[in-house]
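Thanks, everyone. Let me put the model on the screen and walk you through it.

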Amino acid sequence: MFDIGFTELLLVGLVALMVLGPERLPGAVRPTGLWVGRLKRSFANIKAEVEREIGADEIRRQLHNERILDLEREMKQSIMPPASTSTAATPPTTDDTGEVSDTGSTGATTSTSTDASPAVPAPAAEPAPTPRPDRSPEP
């Protein structure tokens, strides 16, 4: 709440010791500590009540859930990119002369002579792993 460091507290303590003296200082510190504690509790209660009024906890949960869903979508897209439809629609075929003819999405046939064996299709992609749910509570 307030940014009070050790040196500031030490300075306040020394001034209080000089003003009140060593006899009255312990009697003044106790009520001051009690008042500070009451103020902190009342500020915390007011803050909690205001947060409940505006529904900040629910909004935080919704934002957290949306973040998790966005991350899940990004992971799925990075693991399994969209497949190209032009090469997957019609695979190349080999005719009797050893030439590979490919009819792509344009419908035109192209022929190339190959001395090597026909291309082996790529293995199927593994399904994306399901992400672990976040077990840490949102503050």
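Which charged end sits over the ring of W35? That of R38, 5.4 Å from the ring centre. Keep in mind that this is a predicted model.

What about aromatic pairs? The count is zero.

Now the helices. Helix α1 runs over residues 6-54. A straight helix of 49 residues would span 72 Å, but α1 spans only 36 Å between its end C-alpha atoms. Look at G21: a kink of about 110° lies there, shortly before the proline P22. G21 is also one of the buried residues of α1, and the others are L25 and G37. After α1 comes G55, with a positive phi, near 70°.

Next, salt bridges. The whole structure has three.

Start with E51 and R60. Their closest N and O atoms are 3.6 Å apart. E51 is partly exposed, at 23% relative accessibility. R60 is partly exposed as well, at 29%.

Move on to helix α2, residues 56-79. D70 bridges to R73, with the closest N and O atoms 2.7 Å apart. These two lie three residues apart, about one turn of the helix. D70 has a relative accessible area of 37%, and R73 has 48%. Both D70 and R73 count as partly exposed.

Then E72 and K76, which meet in a salt bridge at 3.6 Å, N to O. Why can they meet? An α-helix has 3.6 residues a turn, so residues three or four places apart point the same way. E72 and K76 are four residues apart in α2, about one helical turn. E72 is partly exposed at 24%, and K76 is partly exposed at 47%.

Terms used
Residues are numbered from 1 along each chain as its sequence is written. This is a predicted model: local features need pLDDT of at least 70, side-chain atom pairs count only at pLDDT 80 or more; totals for chains, interfaces and linings use all residues. Side-chain values use heavy atoms; hydrogens and water are left out. The expected span of a helix is 1.5 Å times one less than its number of residues. The bend at a residue is the angle between axes fitted to the seven residues ending there and the seven starting there. Buried means under 20% relative accessible area, exposed over 50%, partly exposed in between (1.4 Å probe, protein chains only). Rings of Phe, Tyr and Trp (its six-membered ring) pair if their centres lie within 6.5 Å; planes under 30 degrees apart count as stacked, over 60 as edge-to-face and the rest as tilted. A charge sits over a ring if NZ of Lys or CZ of Arg is within 6 Å of the ring centre and within 35 degrees of the ring normal. A salt bridge is a side-chain nitrogen of Lys or Arg within 4 Å of a carboxyl oxygen of Asp or Glu.
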